[in-house]
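Please look through the model below before reading on.

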Amino acid sequence: MENKMLTLDKFEEAAEVVKKVTQETKLVYSDFYSAQTGNKVYLKPENMQFTGAYKLRGAYYKLSTLTDEERSKGLITASAGNHAQGVAYAAKCYGVKAVIVMPTTTPLIKVNRTKSYGAEVVLYGDVYDEACEHAYELAEKNGYTFIHPFDDLAVATGQGTIAMEIFKELPLVDYILVPVGGGGLATGVSTLAKLLNPKIKVIGVEPAGASCLQASIKEGKVVTLPHVSTIADGTAVKTPGSKIFPYVSKNLDEIITVEDEELVGAFLDMVENHKMVVENSGLLTVAALKHLDVKNKKIVPILSGGNMDVITMSSVVQQGLILRDRIFTVSVLLPDKPGELSRVSDIIAKQNGNVIKLEHNQFVSINRNAAVELRITMEAFGTEHKDQIIKALEENKYQPKVVRTNI
């Protein structure tokens, strides 16, 4: 069955099939990113998809290609998040049983959401690879039909329907940027895009701490990274798919890697300018925009998902504000006498600094004349404003030291 996939006919069939369960995610023109890059940037917001990610496409299309017998055996997969929800939702639509093996470290919200679609969740192993191994064992033991998150040509064909939608809305698209974990989405999107227009450029984007596809393409064969480390958990994959590897090797024009720090900034930009929550893996493509050395092109970054738990979100926002000097902490030593505190706060107020937190420590030294320590955490508009506040403190004979911020 599989070798007939990834053809124009199959992509067209998949596009019709997935329409039954997908939300229309129309392109969003981004004034912010267009101005920043000198291109016309259109976001493909799959974070607004049912189940919060594109994965539903591949899962549902894969189910449509199975026989009744294969479906009735029940389905099993391994996933730390989005694929789990995609398979669970697709199984619910078909009225069949789904078992999802998730690593024990999966955030509770993702576990509960997967269960809410009627799937049975088995928590096993610390990382995806261990969960996957266990899923294969259970499939063998109970006769379930295994649905791989990315190394499956039918699943990749379903994911490629995103490219069909992009072309319908923006036929003259020049660049499509696609996030890469195991490579299923990149396979479907790049293969269909090249079938529709061989001149188009499709760029894969990986986290720098998990660039398994880049390493594999360099070697000319699938390689496994010794370890991965990135905040983009949806794309933290050690080994790309072997069935799909020939397609991505041929159809991706380039692979860009992005540092975690850039994703933190991209999250803030997306929330502040587009009012959209996009998970770290989905931000890879917008973070990659500044690595592209082109002008006046029509570019579509795919925002692959928006399933980020609130705790992660708050820590990313915090890190982003600190990273951009919009929150910072200074330590100053004051003589221990009345009025000093209001004098310092007056200097900060004149510079429009906004104090968030004060810590006053009288026991920093024996010589209390010179040494009451005041730690001030404040809000600024950015680096320039922060420097201006520090300069004002220095001009008033304080010696502010910037210290690590913990809000």
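Is Lys-110 buried or exposed? Lys-110 is buried, because its relative accessible area is 6%. Here buried means under 20% relative accessible area, exposed means over 50%, and partly exposed is in between (1.4 Å probe, protein chains only).

## The model and its overall make-up

This is a predicted model, in which local features need pLDDT of at least 70 and side-chain atom pairs count only at pLDDT 80 or more, while totals for chains, interfaces and linings use all residues. Residues are numbered from 1 along each chain as its sequence is written, and side-chain values use heavy atoms, with hydrogens and water left out.

The protein chain has 407 residues, of which 55% count as buried. Its secondary structure consists of 17 helices and 14 strands. Helices (H or I, at least four residues) and strands (E, at least two) are DSSP runs, numbered from the N terminus. The C-alpha trace of the protein chain spans about 85 × 50 × 40 Å along its principal axes.

## Salt bridges

A salt bridge is a side-chain nitrogen of Lys or Arg within 4 Å of a carboxyl oxygen of Asp or Glu. By this rule there are 19 salt bridges. One of them joins the side chains of Lys-110 and Asp-233, at 3.6 Å from N to O. Lys-110 lies in helix H6 (residues 108-116) and Asp-233 in the loop between helix H11 (212-219) and helix H12 (245-251), so this pair ties together parts that are 123 residues apart in sequence. Lys-110 is buried, whereas Asp-233 is partly exposed, with a relative accessible area of 46%.

Another salt bridge is formed by Glu-120 and Lys-97, whose closest N and O atoms are 3.3 Å apart. Glu-120 belongs to strand S5 (residues 120-123), and Lys-97 to the loop between helix H5 (82-94) and strand S4 (98-102), so the pair ties together parts that are 23 residues apart in sequence. Glu-120 counts as partly exposed because its relative accessibility is 39%. Lys-97 is also partly exposed, at 41%. Glu-16 and Lys-19 meet through their side chains in a salt bridge of 3.1 Å, N to O, and Glu-16 is partly exposed at 48% relative accessibility. A network of salt bridges links Lys-44, Glu-46, Arg-57 and Glu-165.

## Cysteines

How many disulfides does the structure hold? The number is zero, where a disulfide is a pair of cysteine sulfur atoms within 2.5 Å.

Cys-132 counts as buried at 8% relative accessibility, and Cys-212 is buried with a relative accessible area of 0%.

## Surface patches

Patches are made of residues with over 30% relative accessible area and no salt bridge; like charges are joined within 9 Å, and nonpolar side chains (Val, Leu, Ile, Met, Phe, Trp, Tyr) within 5 Å. Accessible areas come from the Shrake-Rupley method with a 1.4 Å probe, and for residues only the protein chains shown count as cover.

Asp-126, Asp-129, Glu-130, Glu-133 and Glu-137 form a negative surface patch. Asp and Glu count as negative and Lys and Arg as positive, while His and the chain ends are not counted. The place of a charge is taken as NZ of Lys, CZ of Arg, CG of Asp or CD of Glu. Glu-137 lies in helix H7 (residues 128-142) and is partly exposed, at 46% relative accessibility.

Leu-8, Leu-195 and Leu-196 make a nonpolar surface patch of about 220 Å². Leu-195 is part of helix H10 (residues 184-196), and this residue is partly exposed, with a relative accessible area of 44%.

## Residues apart in sequence

Leu-108 is found in helix H6 and is exposed, with a relative accessible area of 61%. Leu-108 and Asp-309 are 201 residues apart along the chain, and their C-alpha atoms are separated by 8.8 Å.

Asp-269, in helix H13 (residues 260-274), counts as buried at 8% relative accessibility. From Asp-269 to Val-286 there are 17 residues in sequence and 9.7 Å in space, C-alpha to C-alpha.
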